[in-house]
Amino acid sequence: MTSWIRACGLDDIEQEGARRFDHGGRTYAIFRSPDDEVFCTDGLCSHEAVHLADGLVMDYEVECPKHSGAFDYRTGAAKRLPPCINLRSYPARLEGSAVLVDLSE
């Protein structure tokens, strides 16, 4: 069953930026692409549990601020070591100017 949750407003995220979103005791990262698409992944790096929303976002990747590992935020795929475990990604969409995410298991 799909359960969409409002995570933030689109204007709360810079273009090619990220925003931390906490819900249900877990941390997520919401990303805004150069063409205003939105994406959601686990919020902590799979290597050392650092908040990815604090990392550099560029060219559809987020760089972990601790060891410079990188993930494709569209899919959660680990792209540059040291992380070798992919992030889980979650459906995200815009409804007007609201960013909605589906965190159902």
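Let's start with a term we'll need throughout: a residue counts as buried when its relative accessible area is under 20%, as exposed when it is over 50%, and as partly exposed in between (1.4 Å probe, protein chains only). What you are looking at is a predicted model, where local features need pLDDT of at least 70 and side-chain atom pairs count only at pLDDT 80 or more, while totals for chains, interfaces and linings use all residues. Residues are numbered from 1 along each chain as its sequence is written, and side-chain values use heavy atoms, with hydrogens and water left out.

First, the overall picture. In UniProt, an unreviewed entry carries the annotation "domain: Rieske" for residues 5-101; positions from that record are given in the numbering used here, feature names are shortened, and annotations may be inferred rather than shown by experiment. Helices (H or I, at least four residues) and strands (E, at least two) are DSSP runs, numbered from the N terminus.

Of its 5 residues, 5 are buried, so the rest of the structure largely encloses β11. Ala98, Leu100 and Asp102 point one way from this strand, Val99 and Val101 point the other way, and all are buried. Now look at the partners of β11, bearing in mind that two strands pair if DSSP finds at least two bridges between them. With β1 the pairing is antiparallel over 5 bridges, and Arg6 stands opposite Leu100 in β11. With β10 (residues 92-95), β11 also runs antiparallel, joined by 4 bridges; here Ala92 is the residue opposite Val101. The hairpin of β10 and β11 has 2 residues between the strands, and Gly96 takes a positive phi near 65 degrees there.

Next, the nonpolar interior. A nonpolar core is a set of buried Ala, Val, Leu, Ile, Met, Phe, Trp, Tyr and Cys residues joined through side-chain atoms within 4.5 Å. The largest one has 14 residues, and Phe21, Tyr28, Ile30, Cys40, Val99, Val101 and Leu103 have the most contacts inside it. The elements giving two or more residues to this core are β1 (4-9), β3, β4 and β11 (98-102), with β1 giving the most, at 3 residues. What does Phe21 touch, leaving aside its neighbours within four places in sequence? Taking contact as heavy atoms within 4.5 Å, the list includes Ile5, Tyr28, Ile30, Val101 and Leu103. There is also a second, separate core of 12 residues, which includes Phe39, Cys45, Val50 and Leu87.

Finally, the charged pairs. A salt bridge is a side-chain nitrogen of Lys or Arg within 4 Å of a carboxyl oxygen of Asp or Glu, and by this rule the count comes to 7 salt bridges. One of them joins Asp22 and Arg20, N to O, at 3.1 Å. Asp22 counts as partly exposed because its relative accessibility is 43%, and Arg20, at 43%, is partly exposed too.

Another bridge joins Arg26 and Asp42, with their closest N and O atoms 3.1 Å apart. This pair links distant parts of the chain, 16 residues apart: Arg26 lies in strand β3 (residues 26-32) and Asp42 in strand β4 (residues 38-42). Arg26 is partly exposed at 35%, whereas Asp42 is buried at 16%. In a further bridge, Arg32 meets Asp36 at 2.8 Å between the closest N and O atoms. Is Arg32 buried or exposed? Arg32 is buried, because its relative accessibility is 11%, while Asp36 is partly exposed at 29%.
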